[in-house]
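Have the viewer open as you read.

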Amino acid sequence: MFYRFFQSKEEAMHALGDQLFLEKNPFEAVRGRSDLNGLQKIREMLALDRADKEREALSAQAVSILKDPRILASAVEANRRVLTPLWLELIEEGRRDGSIRTEYAKELSELLPLVNFWMMPSVFPADAEAVRRKCRFVAEVLAAMGLPIIEEEMYQRAENLMGSGKREREE
């Protein structure tokens, strides 16, 4: 019955991920808030995303299947198609209200979905220290580009994902 609806477990994971995203889209949750400027909306969206334990668990499980180049390419394409316009909308809002000062809104909106893949040890092998360094690097680069969105608790999220991938490799 499973294969009647899905060609593979990877396809099922993508469908589940898409459904979770659409049901609890953190971009939509902040879109209409008039009490936040663009930068605050991005930070709030990231906080909402971090607080979603169900999505966090699915992300941790998906890390190992991203070793398959077809699945990785499909995930990159889905993120480019779905997330890039959402990032661009928030960055442009921040530019309009003055909370974000960058000349690279389009480029940053394309880069941000890719950063998650770069941080995954299953895609770019790294130990816990290397992941921490990558987090600091991304924070500094984004801040230098006028988008200071990385906050301290985001480092913990990356380390948690790193720990999940490590546990899977040991099993």
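## Contacts and overall make-up

Take the contacts in the chain between residues at least 6 apart in sequence: 63% of them join residues at least 24 apart. Keep in mind that this is a predicted model.

As for secondary structure, the chain has nine helices and zero strands, so the pattern along the sequence reads α-α-α-α-α-α-α-α-α. Of the 171 residues in the chain, 40% are buried.

Now look at which residues of H8 are tucked away: Val131, Lys134, Cys135, Val138, Ala139 and Leu142 are buried. Seen down the axis of H8, these buried residues fall within an arc of 135 degrees, so they line one face of the helix. On the other side of H8, Arg133, Glu140 and Ala144 are exposed. Just after H8 comes glycine 146, with a positive phi of about 90 degrees.

Lysine 41 sits in helix H4, which covers residues 38-51. Is this lysine buried or exposed? Its relative accessible area is 3%, and buried means under 20%, so lysine 41 counts as buried.

What does lysine 41 touch, leaving aside its neighbours within four places in sequence? Its contacts are Val30, Arg31, Arg33, Leu36, Leu90 and Glu93. Isoleucine 91 is 50 residues away from lysine 41 in sequence, yet the two are 9.4 Å apart in space, C-alpha to C-alpha.

## The cavity

Rolling a probe the size of a water molecule over the atoms shows where empty space is left. Here the count is one cavity of 30 Å³ or more, and the largest cavity has a volume of about 30 Å³.

Which residues line the largest cavity? They are Phe27, Arg31, Leu86, Glu89 and Leu90. Helix H3 (26-31) and helix H6 (69-97) are the elements that give two or more residues to this lining, and H6 provides the largest share, three residues. By type, the lining divides into three nonpolar, no polar and two charged residues.

Notes. Residues are numbered from 1 along each chain as its sequence is written. This is a predicted model: local features need pLDDT of at least 70, side-chain atom pairs count only at pLDDT 80 or more; totals for chains, interfaces and linings use all residues. Side-chain values use heavy atoms; hydrogens and water are left out. Buried means under 20% relative accessible area, exposed over 50%, partly exposed in between (1.4 Å probe, protein chains only). Helices (H or I, at least four residues) and strands (E, at least two) are DSSP runs, numbered from the N terminus. The arc is that of the directions from the helix axis to the C-beta atoms. On a 1 Å grid over the protein atoms alone, a cavity is a set of points where a 1.4 Å probe fits but cannot get out, and a pocket is an open set with protein on both sides within 12 Å along at least five of seven lines; lining residues have an atom within 4 Å of a point. Grid points are joined across faces, edges and corners, and a volume is the space filled by probe spheres set on the points. Ala, Val, Leu, Ile, Met, Phe, Trp, Tyr, Cys and Pro count as nonpolar, Asp, Glu, Lys and Arg as charged, and the others, Gly among them, as polar. Contact means heavy atoms within 4.5 Å.
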